[in-house]
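I set out to record a few local features of this chain. The entries below follow the order in which I looked them up.

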Amino acid sequence: MPFLEIVHLDKHYGANHVVRDFNLAIDKGEFVSFLGPSGCGKTTTLRMVAGFEFPDTGSIRIDGKDVVDLKPNQRNIGMVFQAYALFPNMTVAQNVAFGLRIAGMARADSDRRVAEMLTMIGLPDLGARYPFQLSGGQQQRVALARALAPRPKVLLLDEPLSALDAKIRISLRDEIRAIQKELGITTIYVTHDQEEALSMSDRIVVMNQGVAEQVGDPFTIYTRPATRFVATFVGTLNGLDARVLDAAAGTVEIEGQTVTLGRPLTAAGGGSVGLSVRPEALALGPGLASLSGRVEDVSFHGPVVRLKISVGGQRLALDTFNTSAFRPPAVGETVTIGFDPADALVA
Amino acid sequence: MRLQHFWAWLSLAIGMVYFFLPLIATFEFSLRMRRGVYSFDAYRVVLADPNFQATFGYSVAMALLTIVMGVVLVVPTAYWVRLKLPRWRPVIEFITLLPLVIPAIVIVFGYIRLYNTSSMLPLTGTATGTNFLLLVGYTVLALPYMYRAVDTGLRAIDIATLTEAAQSLGAGWTTILVRVILPNVLVAVLSGAFLTFAIVIGEFTMAALLNRPAFGPYLQVLGANRAYEPAALAVIAFGITWACMGLIQLVTRLQKHTSARR
């Protein structure tokens, strides 16, 4: 039986249908990310779990109990906000102790728990400071400690790293994941950053226009996207227009070059299909399927080199590791690109 | 450039003379009670007057009660309007500004007519009832200042997120208001409180027409019958107002977590 279950959740804002028949079952201790562009309904869904928004229809069950009619302060949920939301009038220790004191915990026990939490987030000596005396990363750590201190059943994080700079974001996401694993707390994490979702989550829910387009583990979401939206939103994707030559044999023509995909196609011979291949699935040199093109641009991204190659009138991105042996082709040079047809999505 | 400076300094000097000359003259006059020498006799007489002590004490008590009533009325209202009814803000602001355009005499006549001894709620029939009526009147008079101060304070903090953070930690509405919202708008509340104090201490119309022993009517009676004491009282009242303004500045500077709002 799932620990957190969202069943047929629906929400409108006036005429705007923001969440459509959303269903999800989350196991105890699982880390699930809601990933999608702005306005896709991920934060609204999270806020309905927290109790800050009321669904039009549907139910939310936590540990077997329907919480839809419960107020936010009755749900035993910890929440971390994008804007930290630390109480400015309280010290770090008072912030962390807030939920404990509300729950009626004795001062001595509360002090002990606060010390534990501050040690856990690596700020054991900053209890007496006020939020404005902390950096953004430290404030978000304190917000995490505050949310976790009352030992909530579920932890909700609403784009908690968006306001931080890149370096801190990377270190903090590792810390959040480590703390979540250590405590084994069921967690929902909202983000529009695919790298965050892919690196932290047990499962990802990719949302678009209020609908969960695909639910799966990061590897499946990235390598086997269920829809074109998932494929384009998660990672970079090359789109190629092709004409079917032989549907049964899976042979297509791209800009006058024949490619055999080795699997039957649904489109009839002479019809058009779209092929999608990730930049890292392409390699310089012949492969199981090959295309010839002209190098238009070479750009360095540290460990990766990205080539932009023109195949007829269509443009492809190709990523290759920047090893010491690698010599990038010159702009204007004609190259052969190879790929495994199994890595190409046909739509 | 220098000519511009000259005009700026000149207008400042004219302004200062305009404001300070009457004050200096009043102060100077208040020191002339003893013939031929300056003395604080007028102040000594005023401060020793049992009526001064009684009326001043009454007005201070009323001012403190007005502040409490104002805070209890305004903080939850302004908070709720900002949090849940943002579309109603212009309406509420308009209502809170009404005491500035409706003269106190109109308000107090309305009270007397509505709450006289032959009405359903005969508040003017007893001293306690009339005191309560005066308290309500003072709260109305101070409403524009208190509401504006608190609303400005609330604008400076993200009340929606702070409220949600507190709710997610198990806090109810009272806890949120008392432990999260109020401490974070304390400077604004104190600004409103000092303004309220200054208004109530010198208020005449309502107290006189409701026949309450307040400091304003005492000032008027003394002014009509004595020469030097009213000048001394005016200086004292002015000093109280300035002290209130100074306290607003002091509290703003002493607030520990002010920088968190920026």
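**Contacts of Thr336(A)**

I looked up the contacts of Thr336(A) (C-beta atoms, placed from the backbone, within 7 Å) and, leaving aside residues up to four places away in sequence, found Gly285(A), Pro286(A), Ser290(A) and Ser292(A). The model is predicted: local features need pLDDT of at least 70 and side-chain atom pairs pLDDT 80 or more, while totals for chains, interfaces and linings use all residues. Residues are numbered from 1 along each chain as its sequence is written, with chains lettered from A and ligands numbered from 1 in the order in which they are written.

I placed Thr336(A) in strand E19 (residues 334-339) of chain A; strands (E, at least two residues) and helices (H or I, at least four) are DSSP runs numbered from the N terminus. Thr336(A) counts as partly exposed because it has 13 C-beta neighbours inside 10 Å; buried requires 20 or more other C-beta atoms within 10 Å, exposed 12 or fewer, and partly exposed lies in between.

**Sheet**

I traced an open sheet of five strands in chain A, ordered E15-E19-E16-E17-E18 with antiparallel pairing; pairing requires at least two DSSP bridges between two strands. Its edge strands, E15 (282-284) and E18 (314-321) of chain A, each pair on one side only. I noted eight bridges between the antiparallel strands E17 (residues 304-311) and E18 of chain A. Leu307(A) has Leu318(A) in E18(A) as its bridge partner.

**Helix H1(A)**

I found eight of the nine residues of helix H1 (residues 42-50) of chain A buried, among them Leu46(A), Met48(A) and Val49(A). Just after H1(A), I recorded a positive phi of about 100 degrees at Gly51(A).

How values were computed: Contact = placed C-beta atoms within 7 Å.
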